Amino acid sequence: MLLEDQRFIHEDLERLEQGISDRVLDDPRHIRDRLNRDHQISGFLDRIQQQSKRLLDIYNDTEGLRAKEIQSISTGDPFDEFYKQLNEIKDFHRRYPNEPVENLERAYKRKAPGEGESATAEIDNLFTGEEAYGRFLDLTTLHEDYLNLPGVQSRRITYLQYLNVFDQFTPSHCPIKRPEKSTDQYFSYVGRLADYLEGFLRRTRPLDDLDKMFASFDSEFDRAWKAKELPGWGEETQAVGPAAPVTEGTGEGTWCPACAKEFKNDNVYKSHLSGKKHVKAAESRAAQGPISNGSAKSQVHGTSAAKDVKERAIAEREHRIRKLASTMETVRSDTRVNVERKQGMTERERQQELDALFADSVDTSLRPSGADDESDSSGDEKIYNPLKLPLAWDGKPIPYWLYKLHGLGVEFPCEICGNFVYMGRRAFDKHFNEARHIYGLKCLGISNTTLFREITGIEDALKLWDKMTRDKRKEKSGGDNVVQMEDAEGNVMPEKVYYDLQKQGLL
């Protein structure tokens, strides 16, 4: 039955291509429906790859079964082969009487909302309420994990600040030092953050070639790690001078071999002996027993190698987080705006907004696909606006109190702008710096436009400009015809200054 499988796969591939083309031509309005469409197309593409691989195996015919089946049909009595396969089919259905038959014609066809299309429920389970179907990031849990990291407890930041710095790991921006990054808690934190960003990208962009993008991230990291060019993971600078002794300290104080620490004060050393840290270190040292010089060197070398492997894994996760954050910069900025907006809302308003989001998504999913344009046109026609209020960004009239607050009912005509009427004081004040008003002044021969604010009449503007030009000419001519006077000592000065000094008796 390989030939029948071959024909079935060819038909399946054609049906899949037709299903993809039908969904590509559709342009849903709601983001929930768009994600549902993209995930369906992604599933169809995966099935095309699986079926194509299966079809290639049939054509390659490594075991020779296809050639045997063709030979059995082409040679001998064709009716014998036909009835043989017919009996096999009857025997199969006799053993499995309730086996469903897959109808390829309806398998990939877009179903109407009333025909049991339940794929949108999967989209609802993919995102949390804070993510709003992939529009925003939800890093609240990771923010709490970040605040509990060692080195961060003293610098607690808000969630809004965390959205700005979660991808910054350099010492100038991150309070966590390099030795503190080797802890298991920090390693787990960066792993969860990288997994969340990668999963968010896969959920919101199911049709992108993300594996190729992640492979480029890994290759870029390998080059930067070999060149030691990763920020925050370069070569550690060693202190200049001889290295301090590790086993016996400087010799000036009391050395604790269990903790490998030197105390210059005897009282501090005695109190240290009764501490929990010293007791645990002494017990572990006693359990290990005496360590030879060679075994100590091998142990230090093994510890250093393990440390390098762990640092590389942490640096790889940090590099991936930086790249993923730069890829999703638009979503990140939208998340910051959404968080700032929600901080000014009450809990009841947040819940109402969330309910409205789900209600809108349900309405769009239940609405027939052909009624979108009709609903748009009918919605535009049915807007009730008896007061002729301006429309907001959503196409609906603004509230009347906002209309009165900004004085949008007051008209401000401007004769210089061609008797254009500006609604509201704010629009009227702004128009003096706009191109329309400046062009009108230049048409009147006025070049200095900054001194003509609040002047809207052509006659008033011309009178002011004539007065300004006369004053400039008078000032210029007055400076050229100044009478000069000379005193007894030969000092030359204007006439007015000369008489003023003479009246004061200074000459």
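Patches, as the term is used in this talk, are made of residues with over 30% relative accessible area and no salt bridge, in which like charges are joined within 9 Å and nonpolar side chains (Val, Leu, Ile, Met, Phe, Trp, Tyr) within 5 Å.

Good morning, colleagues. What we have before us is a predicted model, in which local features need pLDDT of at least 70 and side-chain atom pairs count only at pLDDT 80 or more, while totals for chains, interfaces and linings use all residues. Residues are numbered from 1 along each chain as its sequence is written, and side-chain values use heavy atoms, with hydrogens and water left out.

Let me begin with the overall picture. The secondary structure of the protein chain comprises 21 helices and six strands; these are DSSP runs numbered from the N terminus, helices being H or I of at least four residues and strands E of at least two. Of its 507 residues, 27% count as buried. Buried means under 20% relative accessible area, exposed over 50%, and partly exposed in between, with a 1.4 Å probe and protein chains only. The chain exposes about 34400 Å², and carbon and sulfur atoms supply 53% of that area. Accessible areas come from the Shrake-Rupley method with a 1.4 Å probe; for residues, only the protein chains shown count as cover. Where contacts are concerned (heavy atoms within 4.5 Å), 55% of those between residues at least 6 apart in sequence join residues at least 24 apart.

I now return to the patch. Phe 79, Phe 82 and Tyr 83 form a nonpolar patch on the surface, with about 370 Å² of accessible area together. Phe 79 lies in helix H4, residues 78-95, and counts as exposed because its relative accessibility is 56%.

Next, the salt bridges. A salt bridge here is a side-chain nitrogen of Lys or Arg within 4 Å of a carboxyl oxygen of Asp or Glu. How many salt bridges does a search of the whole structure find? The search finds 27. One of them joins Asp 38 and Arg 37, whose closest N and O atoms are 3.2 Å apart; both residues are buried.

Another is formed by Lys 323 and Glu 220, at 3.0 Å from N to O. This pair links distant parts of the chain, with Lys 323 in helix H13 (residues 293-327) and Glu 220 in helix H10 (residues 210-226), 103 residues apart. Lys 323 is partly exposed because its relative accessible area is 24%, and Glu 220 is likewise partly exposed, at 29%.

Finally, the strands and the cysteines. Strands S3 (residues 411-414) and S4 (residues 420-423) run antiparallel and are joined by four bridges; two strands pair if DSSP finds at least two bridges between them. Cys 414 has Phe 420 in S4 as its bridge partner. The hairpin of S3 and S4 has five residues between the strands, and there Gly 418 takes a positive phi near 80°.

How many disulfides does the structure hold? It holds zero disulfides. Cys 414 is in no disulfide, and the nearest cysteine sulfur, that of Cys 417, is 3.5 Å away. The cut-off for a disulfide is a pair of cysteine sulfur atoms within 2.5 Å. Cys 414 counts as buried because its relative accessibility is 0%, whereas Cys 443 counts as exposed, at 52%.

Thank you for your attention.
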